Amino acid sequence: MNDPRWRTALTLTPYLVLAVLVAFTVGVQWGEWGQLVPTLLLCAVTAVWIIAWRRLPAALQERPALVAVFMTGLIALNLALVFRDSWFGFLTIATFTFAYSIVPWPWELLAVGATAVVAGLAQASPLGWDATGIVGTIGILLLNVVAMCGLSWSLRLAERQVNLRATEQERSRLAREIHDTLAQGFAGIVTQLQAAEQAPDEDSRTRHTDAAIALARDGLAEARRSVKALRPAALDAMRLPEAIGQLARTWTERTGIPCDVSASGDATTLPTDVEVALLRTAQEALANVERHAGARRVRLTLRTDTTGTRLEVRDDGRGFDPEERSVERASDDGGYGLVAMRERIESVAGGLIVESRPGHGTAIRAEVPA
């Protein structure tokens with residue numbers, strides 16, 4: 001369990017439960033020294049046993065043999081206390097926390113089942129040893145074992161589902177990173193080389209060739225950095241507003257299409273993952289304008305206020321009909337842009353809106369709540 005709050009709870013629970021039970025026992029049995037003293041000694045041994053385990057180096061706590069010794073001792077101490085006073089069945093709360101958190105699968109089921117037996121014996125202590133009492137005790141034991149082992153199995157399945165979802169999310173994230181670095185760079189290089197082939201003079205041909213070389217170098221540097229940290233190089237040197245401004249200037253120099261940039265509000269304190277998502281969205285939107293829109297002008301707006309951050313990229317190009325070309329589907333030529341933008345923004349709890357009509361341009365708007 002990586003959440004520090006869970007680690008704190010698991011650390012404190014055994015001591016808190018044991019302290020409450022000791023206080024209750026002292027209050028109930030004060031003056032009955034023959035009964036109280038042995039119980040307090042067992043409680044002290046239990047506390048020392050847990051403390052000794054806690055003070056072991058982490059490497060030793062991962063050894064199955066030591067885990068087995070510790071759990072066997074803890075369950076035995078818990079059982080001894082239950083035989084003395086049934087209310088020590090509440091100590092199984094602490095014993096269960098260890099069984100669920102430190103015992104490897106599938107041995108966890110054995111530790112949980114044994115602890116459930118201790119809890120069941122405490123619950124069945126008022127029953128007698130006649131036939132009815134024995135049947136009742138067996139029923140209580142079975143109920144505890146089935147319930148707690150079933151919980152263990154359910155937690156295992158839930159953990160496996162979480163891991164599967166995390167794997168799928170990581171694959172999707174890596175696909176977006178590859179698209180935003182290598183695929184996007186290759187598309188730009190191809191566009192520039194095609195323009196160089198059709199250039200009417202040597203100067204134009206040289207300009208497009210130089211732009212292709214620059215894209216190749218930037219793409220290589222970005223790919224190397226992405227492999228190391230999966231973070232855009234621009235955000236290492238500046239915050240989002242400056243990075244978007246630099247992106248627009250570089251894009252305009254390469255394409256010759258004017259791109260007006262405006263920014264308002266304080267976007268300098270955004271989390272890194274939000275900055276990355278918005279910068280990548282701006283990159284992909286501008287790449288789509290270059291490849292498909294035939295636009296004469298682009299406007300890029302970044303606004304941050306108390307409700308969140310909005311990024312809009314609007315062009316005056318040819319547009320398209322969203323009803324005919326679903327934005328949820330990769331384009332026929334293998335493009336991944338709109339899908340990648342939507343998934344990336346949704347990964348930071350935001351949303352993507354695409355507005356377009358044939359002949360009336362396109363607006364891509366990404367919104368991330370505060």
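Modeller: A search of the whole structure of this predicted model finds 12 salt bridges. Three of the pairs are described here in turn.

R205 and E202 meet through their side chains in a salt bridge, with an N to O distance of 2.7 Å. Both residues belong to helix α8 (residues 202-229), and because they are three residues apart there, about one helical turn separates them. R205 has a relative accessibility of 31% and therefore counts as partly exposed.

A salt bridge also joins the side chains of E290 and R254, at 2.8 Å from N to O. This pair links distant parts of the chain, 36 residues apart: E290 is in helix α11 (residues 272-293), and R254 is in helix α10 (residues 240-255). E290 has a relative accessible area of 17%, and R254 likewise has one of 17%. Buried means under 20% relative accessible area, so E290 and R254 are both buried.

R365 forms a salt bridge with E355, and their closest N and O atoms are 3.1 Å apart. Here too distant parts of the chain are linked, with R365 in strand β5 (residues 362-369) and E355 in strand β4 (residues 351-356), 10 residues apart. R365 is buried, at 12% relative accessibility, whereas E355 is partly exposed, at 36%. Both residues belong to one network, in which salt bridges with shared partners join R310, E312, R314, E355, R365 and E367.

How values were computed. Residues are numbered from 1 along each chain as its sequence is written. This is a predicted model: local features need pLDDT of at least 70, side-chain atom pairs count only at pLDDT 80 or more; totals for chains, interfaces and linings use all residues. Side-chain values use heavy atoms; hydrogens and water are left out. A salt bridge is a side-chain nitrogen of Lys or Arg within 4 Å of a carboxyl oxygen of Asp or Glu. Helices (H or I, at least four residues) and strands (E, at least two) are DSSP runs, numbered from the N terminus. Buried means under 20% relative accessible area, exposed over 50%, partly exposed in between (1.4 Å probe, protein chains only).
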